[in-house]
Structure formats: structure tokens, C-alpha cells
Amino acid sequence: MAAEGVYPRLNGALLKSGQYDGQIVSVVGRVVSFDGQTVRCDCADHQRVEMVCDPSVVVEAPQGTVMELVGLAGNTNSPMTIYVARPLSDTMDLDLYNRMLLEVLRNPKFTTYFTQTA
């Protein structure tokens, strides 16, 4: 079981892979649209994903805003459910963030820095 506040950070491809279905995850991306219930965003790897807000969560997600969205990863039939939405800087370099996800967080060379210990 993961410690509170510790969860995988994903890009669109990793979210869609199914590897994290049913887990609490974090996705960073730029909001494309938000209708009060469904957020569509372009993730750090430029893949578009659709997520739904948990009914108990109040989310403000203006178009163009870069956000960290934390929630339960769904599956092919059910989108990710957002529990926490944090606005980030609109000037955040999403390409650099994606490189960090792929080249640092998932690199076995750095595993000891990014794994939870008991």
C-alpha cells in the first residue's frame, strides 16, 4: 500500500496503458475544455485525455490552465476520476516535465530516489 500522498506521476500514454488502472495517480496537463463535470486536457506528452470530477470535488479549470490532476485511474470504459485539481504555472514547460517522467522517474538508475521506503 502506498503512503499517503505518494502516487505515480503519469503522462497520457502511461495513463492509457492500463498499467495503473484502479490506482491513485497524478497527471499534469493543459486544460482544453471543462464543462463543470468533464475535464479534457493535453497531457505532458501531448496526448489528450478525458477525466471526470468526483461529485464531492469543486474544480475550477479554465481553458489553457496547466493543472496537476490527482485521482483514480480508470480503464478503457471509465475515465480517470479527479479528486484533487491544483493549478500550476501556465508557463510550465510540459515537454521538460514529460522528459523528467520518462528519463528520470522511470530510470532504474534513479530508483532509490523515487521509491517509497517503509
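Which residues line the second largest pocket?

**View A. Lining of the second largest pocket.** In this predicted model, the lining consists of Leu 15, Lys 16, Gly 18, Asp 21, Val 49, Glu 50, Gly 74, Asn 75, Thr 76, Ser 78, Pro 79 and Met 80. The pocket that these residues line has a volume of about 180 Å³.

**View B. Composition of the lining and its secondary-structure elements.** By residue class, the lining of the second largest pocket comprises four nonpolar, five polar and three charged residues. At least two lining residues come from helix 1 (12-16), and at least two from strand 4 (48-53).

**View C. A nonpolar patch on the surface.** The patch is formed by Ile 24, Tyr 83 and Val 84. Together, these residues present about 210 Å² of accessible area. Val 84 belongs to strand 6, which spans residues 80-87. The relative accessible area of Val 84 is 31%, so this residue is classed as partly exposed, the class that lies between the limits of 20% and 50%.

**View D. Ala 13 in helix 1 and its separation from Leu 94.** Ala 13 is located in helix 1. With a relative accessible area of 35%, Ala 13 is likewise assigned to the partly exposed class. Ala 13 and Leu 94 are separated by 81 residues in sequence. In space, the C-alpha to C-alpha distance between Ala 13 and Leu 94 is 14 Å.

Note on methods:
Residues numbered from 1 in each chain as written. Predicted model: local features only at pLDDT ≥ 70, side-chain atom pairs only at ≥ 80, totals over all residues. Heavy atoms only, no water. 1 Å grid on protein atoms, 1.4 Å probe; cavity = no way out; pocket = protein on both sides within 12 Å on 5 of 7 lines; lining within 4 Å. Points joined across faces, edges and corners; volume = space filled by probe spheres on them. Helix = DSSP H or I, 4+ residues; strand = E, 2+ residues; numbered from the N terminus. Nonpolar A, V, L, I, M, F, W, Y, C, P; charged D, E, K, R; others polar. Patch = residues over 30% accessible without salt bridge, like charges linked within 9 Å, V, L, I, M, F, W, Y side chains within 5 Å. Areas by Shrake-Rupley, 256 points an atom, 1.4 Å probe, with all protein chains shown as cover. Salt bridge = Lys/Arg side-chain N within 4 Å of Asp/Glu carboxyl O. Buried < 20%, exposed > 50% of the residue type's maximum accessible area, 1.4 Å probe, protein only.
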